[in-house]
There are 2 protein chains.
Amino acid sequence: MRPRFDLRHVECLLAVAEHGSFRRAARHLNVAQPALSRTVRNLEEALGVLLVARDRRRVTLTPAGQVFAEGGARLLAEAAELAHGTARAHKGLLGKLRIGYTDFAIAGVLPDIVNAFRTAFPDISATFTPSVTAQQIEALREGRIDAGFLTGPLELPFVETQEVQCDAVVALLPAEHPLAARAAVSLQELAEEPFVVGASEHWAHFLTHVMHLCQVAGFRPKVAQEAANSEAIVGLVAAGIGVTLSIESIARRPRHGVVMRPLAGEPYEISTLLAWRRGGQDPALRHLRDVAVSYWRDTSGA
Amino acid sequence: MRPRFDLRHVECLLAVAEHGSFRRAARHLNVAQPALSRTVRNLEEALGVLLVARDRRRVTLTPAGQVFAEGGARLLAEAAELAHGTARAHKGLLGKLRIGYTDFAIAGVLPDIVNAFRTAFPDISATFTPSVTAQQIEALREGRIDAGFLTGPLELPFVETQEVQCDAVVALLPAEHPLAARAAVSLQELAEEPFVVGASEHWAHFLTHVMHLCQVAGFRPKVAQEAANSEAIVGLVAAGIGVTLSIESIARRPRHGVVMRPLAGEPYEISTLLAWRRGGQDPALRHLRDVAVSYWRDTSGA
DNA sequence: GGGTGGCGATGCCGTCCTGCTATCATTTGC
DNA sequence: GCAAATGATAGCAGGACGGCATCGCCACCC
């Protein structure tokens, strides 16, 4: 049941209704009067309803014409708004973004970036999904998310990235651990310690960093316990199950029973990236990237 | 700021979005593929926004295209609903009526008629304005109301009428009045009584009847007090100020301190009419008239 | 690996819609 | 009673839209 009339017809009828005269309405619409007469006539035939009562002296709307005029005005307004909204979407001022994020990101810069983004682009509605780096990469590839805050490094043919956060790896120890008395600890000192780590099937990205660090230090960590997320890992450390390696952003959040100690020697840094599909044209996404870039420029410069 | 696109464009874009392919969409729309391609292209040019991402292999909507498609679907639905509503208005199933009514009507059949009308035509919104007969005639002439329930008789070149109610004129007396003991009273017996009547500037129609009755009975009533409406008149009678003539529909509503007595002799009847402008084409109004006619047929027959 | 089928874009042509000018019938207002 | 204004009608021209044939491209398949 598609409509048999067009917005042009609606405009013409509204003009006639407003001016109460075909001629004046035609002048106002910058068309000749006969054209307007015929257009209104066509509209009436399309609807099968007489809309205008032509009294030879005065033109008024029939009751059905009034109903149509009211609805038509609404229709026109919404059409104009639609055009406007589409233009705004084109400029990236309006839209939807699906964004993934890791524990590391949410503990770090993500809130600040999102705040800045929402302030600058209030009409872009973003939905956030917590998920680890590997899952975000998959979701990016399959188009289930538009962007992800995830753990670097990342070199893939179909994604582009922008660094947004840089954390030194630090040691987290139970508060009563002997090494907690030290200002800093070296990795070698942790060689024999039981480790709490993320579950390997999901935690792969950061685990790679941890394994690499330990290997350089000459040992292979003894895994005492696996956990599902950063919150759980820190909790298990607080419980005295073992030690762990984490990043500053996580460790800065004070937690009873856990102390953070920097690693001695050259700091090893973990970057958190904003990632999106390469070549993506979504203007809203570009704006998110721009906000991330300028945020990174401001904070890394300071 | 009028929209530069038409509903036809919207339909085409929605079809492309739905089928994910120009060719399939074209088949579904019963047009050739090149025509569809150009229509979508024209729409994009009209909006100045790319809506469809042509990947050579797969056709998807750009973010702006998704915004437009969502709004466009709403727009089309409302356009269809508008056409439907206009057709309903044409058939008189939808519309607005402005209706005047007198005290006599609201005390009598008006509630029943309006109930039947609202049940039969729930989408016709009626607004009711209380007003005396003379004002309703003026409002009818000037088009401020579409119909009026008023006191007959009425013979005017520009109105048509339908009788809806027929009341005998009765006497209303203070309860402690000597004549209240009688089963019926004759007009002559009221010749010397003080009368409470409606204010003459507005009450002219019914007053004419009263004066006529009294004149036939051979006297001219002594007006003790004027009042603004039936409620006030009955109240003043209850207060013992005087007697009055009224109609059964008013008098049937029991009121402390007032008694109703029929007039002796041949009953004098007052008709209440539904009146509307002659030649009016409003289908909603016709339905109101039809309801009134059938109501009158049912009640006057019974 | 070349053939084949499906896709969207483009060019060309016919048709219908739309708009304009000129004119008419009717009404209004002086 | 005439002039001005209004809506309807007729005839004509331009443009938009749709259809057909075709092109270039890509994926799939034997």
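Chain A has 11 helices and 11 strands. Keep in mind that this is a predicted model, and that goes for every value I give here.

On overall shape, the C-alpha atoms of chain A fill a box of roughly 105 × 35 × 35 Å along the principal axes. The radius of gyration of chain A is 32 Å, whereas a compact globule of 302 residues would come out near 19 Å. As for burial, 49% of the 302 residues of chain A count as buried. If you take contacts in chain A between residues at least 6 apart in sequence, 76% of them join residues at least 24 apart.

Now to the interface. How many residues of chain A are in contact with chain B? The count is 37 on chain A, and they meet 36 residues of chain B. Between them the two chains bury about 2,900 Å², and 70% of that is on carbon and sulfur atoms.

Next, the polar side of that interface. The rule finds four residue pairs in polar contact across chain A and chain B, counting pairs with both residues at pLDDT 80 or more. Salt bridges across the interface number two. One that I can name joins A:Lys96 and B:Glu70, with the closest N and O atoms 3.5 Å apart.

Which elements of chain A give two or more residues to the side that touches chain B? They are helix 1, residues 7-19, and helix 4, residues 63-91. Helix 4 of chain A supplies the largest share of that side, 19 residues. Sorted by class, the side of chain A that touches chain B holds 23 nonpolar, eight charged and six polar residues.

Last, one local element away from those two helices in the numbering: helix 9 of chain A, residues 230-238. Within the helix, the buried residues are A:Ser230, A:Ile233, A:Val234, A:Gly235 and A:Val237. As background for reading that list, an α-helix has 3.6 residues a turn, so residues three or four places apart point the same way. After helix 9 comes A:Gly240, with a positive phi near 85°.

Terms used: Residues are numbered from 1 along each chain as its sequence is written. Chains are lettered from A and ligands numbered from 1 in the order in which they are written. This is a predicted model: local features need pLDDT of at least 70, side-chain atom pairs count only at pLDDT 80 or more; totals for chains, interfaces and linings use all residues. Side-chain values use heavy atoms; hydrogens and water are left out. Contact means heavy atoms within 4.5 Å. Buried area is the accessible area (1.4 Å probe) that two parts lose on being put together, summed over both. A salt bridge is a side-chain nitrogen of Lys or Arg within 4 Å of a carboxyl oxygen of Asp or Glu. A polar contact is a pair of N or O atoms within 3.5 Å; within protein, one must be able to donate a hydrogen and the other to accept it, and residues adjacent in sequence count only if both atoms are side-chain atoms. Helices (H or I, at least four residues) and strands (E, at least two) are DSSP runs, numbered from the N terminus. Ala, Val, Leu, Ile, Met, Phe, Trp, Tyr, Cys and Pro count as nonpolar, Asp, Glu, Lys and Arg as charged, and the others, Gly among them, as polar. The radius of gyration is taken over C-alpha atoms; the globule rule is 2.2 Å times the number of residues to the power 0.38. Buried means under 20% relative accessible area, exposed over 50%, partly exposed in between (1.4 Å probe, protein chains only).
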